[in-house]
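Open the model in your viewer and keep the selection tool at hand. The stops below can be taken in order.

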Amino acid sequence: MAWQRKILRVDLTNGTCKSEPLNMEWAMQYLGQRGLATKYLTEEISPTVEPLSPENKLIMATGPLTGTMASTGGRYSVITKGPLTGAVACSNSGGFIGAEIKSAGWDMFIFEGKAPQPMYLYVENDKAQLLPADFLWGKSVWETDTLLHQKHQDPLLRIAAIGQSAENGCLFASVINDLHRAAGRSGVGTVMGSKNLKAVAVRGTLGVGNIRNPKGFMKSVVAGKQVLAENAVTGQGLPAYGTQVLMNVINEMGALPTRNWREVQFEGAGKISGEAMCEPRATDGKANLVTNAACFGCTIACGRISRIDQEHFSVKNSPKYWGASGGLEYEAAWALGGDTGVDDLDAVTYANYLCNEYGMDSISFGATVAAAMELFEDGVITTADTDGIELRFGNAEALCQIAEQTGKGEGFGKEIAQGSKRLCDKYKRPDLSMTVKGQEFPAYDARGIQGMGLTYATSNRGACHLRSYTVASEVLGIPEKTDPLVAEGKPGLVKAFQDLTAVVDSSGLCVFTTFAWTMDDIQPQIDTACEGNWSVEKLAEAGERIWNLERKFNLDAGFTAKDDTLPERVLKTPANAGPAKGRVSELGAMLPEYYELRGWTPQGEPTQETLERLGL
């Protein structure tokens, strides 16, 4: 069965915690985590609810394979209506708290209302209580983690918390668990802060049982781990360099967005790459990378643990940053580095530390700073606006200064904290905001990787690479190689990736397994663990159902086909270098076919036939 069959409903307004049975009828349709929690969300809130109002809800959800022996089975997601976008939000995170929630006997926590004063949720197996968090309010994620461990005197307590950025209304605030793992995007932390919920602390000792076919499950899990170990990406590249293995690869193919997407190759990419992280510094002879790290149950271990040179300007007078902490992933290194034109590896690492410490999405933060830098260089804003900070591309000191201001909600950081769409709208340069549905682009240029343009435009949570990672096919040749410069065939590819990813995100597994695994590797693990006869066909339909449920929520919230678009810079300004030189995104050629394959009208709305077929 794998599900614990139990959810915790937390009424923050009245201070109560109540156990409810999991809706197993819904579980048979939506599996768990992203899919099942989105079903709960869409049943319980209005699509037009104000995201930061008490009427919005916040759900922390695990999947049926979370906490099991399946490789990477440590994922959980935070689901709500996002304040950055106004769309459905689902942010996925690794670390250890997802497995801890399951081991405590719960499938998900549903938070509703708003606490009259700061509170935190403490869960020890079936005991759950809301406790005062006045001593935590105003503290960083790291300080909160330390204080809660000290208070409860349990080193194995797992904690998810928000930092000062969420308390101050930063629209891309994250929920950070285990110090440096993030449910990062769309402002899920902002919603948590709006509810006066500072943290969730969990200790579970019950374990995860209820496996339908234990012997069959163990056999499929062992086979899956073997596939991961023998794959060049999951067995070699990711353990050695993490996702940063992509920095030089994407740059060479002319698809690394640079200086707010004005260019497609960054001359400093090699200095902030995965390879650079492993090389001893000239200053102190030590490498930025200390070791790799794994989340719960993971046999890939793509995580980075880094250390900054103690004499670097960013930390020279701040000993608290001298220790090892969560290092750069590719997306963060790009957003804080290539997009801002900064090639100082330790400065980019420091900015990433601050994103973890204050609880901010490093992608949206870096991309918004990049937009601000272009506003600055165009003379739209000056040092009079930025409190004296020279926000020029390549200015490492400015990057570090504005990261601290944004985290604390001070100075021009208050403007950055609203995201690039609102920032650029305020200064009457909306063309400089590289967003879809209000959410900033990740690290792949849609002119050089055509499938990613369609992925961004149609993503239900705003611009996102993890909803349909066609880079796997278009760049790495997984499961088969497609030409990144060609639009033909990409609508079908994007739809297939979107539906598969919805299943993976709902299972409790990590999407990075799909560098090696196909549905034929995933299906036996789900089917042997869970009741319900989960065939490949049933899983594919579940993925399609989840995607359409999210789409329907967004349409009811007021989004239309007009929101399935890209900034003019990507649609009309050709790439300036590399293999894609002279090309733009061919979104217009792909979108109608995509709608048709989805069973949607030309206006991007699911037809009645599609809704009935999927039980929506």
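**Stop 1: a hairpin**

Select β4 (76-81) and β5 (88-93), which pair in the antiparallel sense over six bridges. Two strands pair if DSSP finds at least two bridges between them; helices (H or I, at least four residues) and strands (E, at least two) are DSSP runs, numbered from the N terminus. This is a predicted model, in which local features need pLDDT of at least 70 and side-chain atom pairs count only at pLDDT 80 or more, while totals for chains, interfaces and linings use all residues. Residues are numbered from 1 along each chain as its sequence is written, and side-chain values use heavy atoms, with hydrogens and water left out.

Y76 stands opposite S93 in β5. Five of the six residues of β5 are buried, where buried means under 20% relative accessible area, exposed over 50% and partly exposed in between (1.4 Å probe, protein chains only).

Next, select the turn: six residues lie between β4 and β5, and G86 there has a positive phi of about 80°. G86 is buried, with a relative accessible area of 19%. It touches K81, A557 and F559, not counting residues up to four places away in sequence; contact means heavy atoms within 4.5 Å.

T85 is in the loop between β4 and β5. Is T85 buried or exposed? At 11% relative accessibility, T85 counts as buried. Its side chain reaches the backbone nitrogen of A87 at 3.0 Å. Beyond four places in sequence, T85 touches K437, G438, Q439, R461 and F559.

**Stop 2: a sheet of six strands**

Now show the open sheet with the order β8-β7-β12-β9-β10-β11, which has mixed pairing. β8 (127-132) and β11 (181-183) stand at the edges with a single partner strand each, so one side of each has no neighbour in the sheet. On average, neighbouring strands of this sheet are turned by 20° against each other, direction ignored.

Within the sheet, select β7 (residues 119-124) and β12 (residues 197-203), which pair in the parallel sense over six bridges. V123 stands opposite V202 in β12. Helix α4 (residues 141-152) packs on the sheet and touches β7, β8, β9 (158-161), β10 (175-177) and β12. The direction of α4 makes about 145° with that of β9; axes are lines fitted to C-alpha atoms, for helices over the stretch in contact, and angles run from 0 to 180 degrees between N-to-C directions.

In the loop between β7 and β8, find N125. N125 has a positive phi of about 55° although it is not a glycine, and at 15% relative accessibility it counts as buried.

**Stop 3: two crossing helices**

Select α2 (residues 33-44) and α19 (residues 490-507), whose axes come within 5 Å and cross at roughly 85°. The two helices are therefore roughly perpendicular to each other (65 to 115 degrees; under 35 counts as roughly parallel, over 145 as roughly antiparallel and the rest as oblique). Q33, R34 and G35 of α2 meet T501, A502, D505, S506 and S507 of α19 in this contact.

**Stop 4: two loops**

P479 is in the loop between α18 (471-474) and α19. The peptide bond from I478 to P479 is cis, with omega near -5°.

Finally, select W261 in the loop between α9 (246-252) and α10 (274-278). W261 is buried, with a relative accessible area of 1%.

How values were computed. Polar contact = N/O pair within 3.5 Å; in protein donor to acceptor, adjacent residues only side chain to side chain.
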